[in-house]
Amino acid sequence: MNWKKQRHSGTVRLLHWVYAPAVLALIFSGLYIHSPSRAFGFKRMDSARKTHAVAQFLLLNSYLARICYGIKDKNYKEIIPNRKTLKAIPEFLKYEFFLSEKKTKYPKYNPGQKILITSLAGLIPVQMITGMTLYFKPLQRAVKAAGGLNPVRWLHYLAALMMVSFISVHLYFTLTNSLKKLKSIFTGYA
């Protein structure tokens with residue numbers, strides 16, 4: 001009998017499909033807010049700002065829900081890199097850079113995915129804090145006294161560029177790994 005193994009629960013898939021489009025909406029609306037261009041899909045600053053606010057709300061809530069779910073279900077252990085992950089990096093990189101044909105099987109996520117997902121999880125709070133500082137007047141006044149908004153704006157922009165890079169690598173790992181694993185984020189099963 002060939003039973004399919006569940007890879008992602010319904011909650012994980014639901015949260016993934018809430019924050020994935022929210023992050024994309026934040027990136028495109030944020031790029032428009034930084035430097036308005038129709039290439040980002042907006043015609044007016046007002047619509048970009050509204051999209052940014054709604055996407056920010058969705059990301060914040062789905063991010064917090066994912067952390068709570070990870071703690072409750074203890075599946076954060078599958079994601080956060082540990083000593084074993086760090087030891088596996090050289091072999092993983094050899095395969096990824098075509099220096100070895102030996103593809104190691106990993107339980108759920110490979111070392112690159114673990115580091116990537118953990119980095120993204122660390123970048124999201126930076127984006128939220130700097131974004132709220134740029135948005136809310138009382139926080140703006142507090143930051144002005146400590147050096148101004150420009151460093152906060154640049155940190156927010158730099159973190160956004162890092163997120164774009166990480167998401168590109170995430171898509172690379174997703175599309176070059178296995179079709180079964182890619183399918184599992186839709187169906188739950190590999």
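**View 1. Lys108 and Glu78 are joined through their side chains in a salt bridge, with N and O 3.3 Å apart.** The pair ties together parts that are 30 residues apart in sequence, because Lys108 lies in the loop between helix 4 (83–96) and helix 5 (111–135) and Glu78 in helix 3 (residues 76–79). A salt bridge here is a side-chain nitrogen of Lys or Arg within 4 Å of a carboxyl oxygen of Asp or Glu. Helices are DSSP runs (H or I, at least four residues), numbered from the N terminus. Lys108 is buried, at 16% relative accessible area, whereas Glu78 is partly exposed, at 33%. Buried stands for under 20% relative accessible area, exposed for over 50% and partly exposed for values in between (1.4 Å probe, protein chains only). The model is predicted: local features need pLDDT of at least 70 and side-chain atom pairs count only at pLDDT 80 or more, while totals for chains, interfaces and linings use all residues. Residues are numbered from 1 along each chain as its sequence is written, and side-chain values use heavy atoms, with hydrogens and water left out.

**View 2. A salt bridge connects the side chains of Lys102 and Glu91 (3.6 Å, N to O).** Lys102 belongs to the loop between helix 4 and helix 5 and Glu91 to helix 4, so this pair ties together parts that are 11 residues apart in sequence. Lys102 is exposed, with 55% relative accessibility; Glu91 is partly exposed, with 35%.

**View 3. Arg44, Asp46 and Lys50 are linked in a network of salt bridges.** Between Arg44 and Asp46, the closest N and O atoms are 3.9 Å apart. Arg44 is exposed at 53% relative accessibility, and Asp46 is partly exposed at 36% relative accessible area. The structure holds 4 salt bridges.

**View 4. Leu64, Ile67, Ile71, Tyr76 and Ile80 form a nonpolar patch on the surface.** Together these residues have about 440 Å² of accessible area, computed by the Shrake-Rupley method with a 1.4 Å probe, only the protein chains shown counting as cover for residues. Patch residues have over 30% relative accessible area and no salt bridge; nonpolar side chains (Val, Leu, Ile, Met, Phe, Trp, Tyr) are joined within 5 Å, and like charges within 9 Å. Helix 2 (residues 45–73) gives the largest share of the patch, 3 residues. Leu64 is found in helix 2 and is partly exposed, with a relative accessible area of 43%.

Conventions
Helix = DSSP H or I, 4+ residues; strand = E, 2+ residues; numbered from the N terminus.
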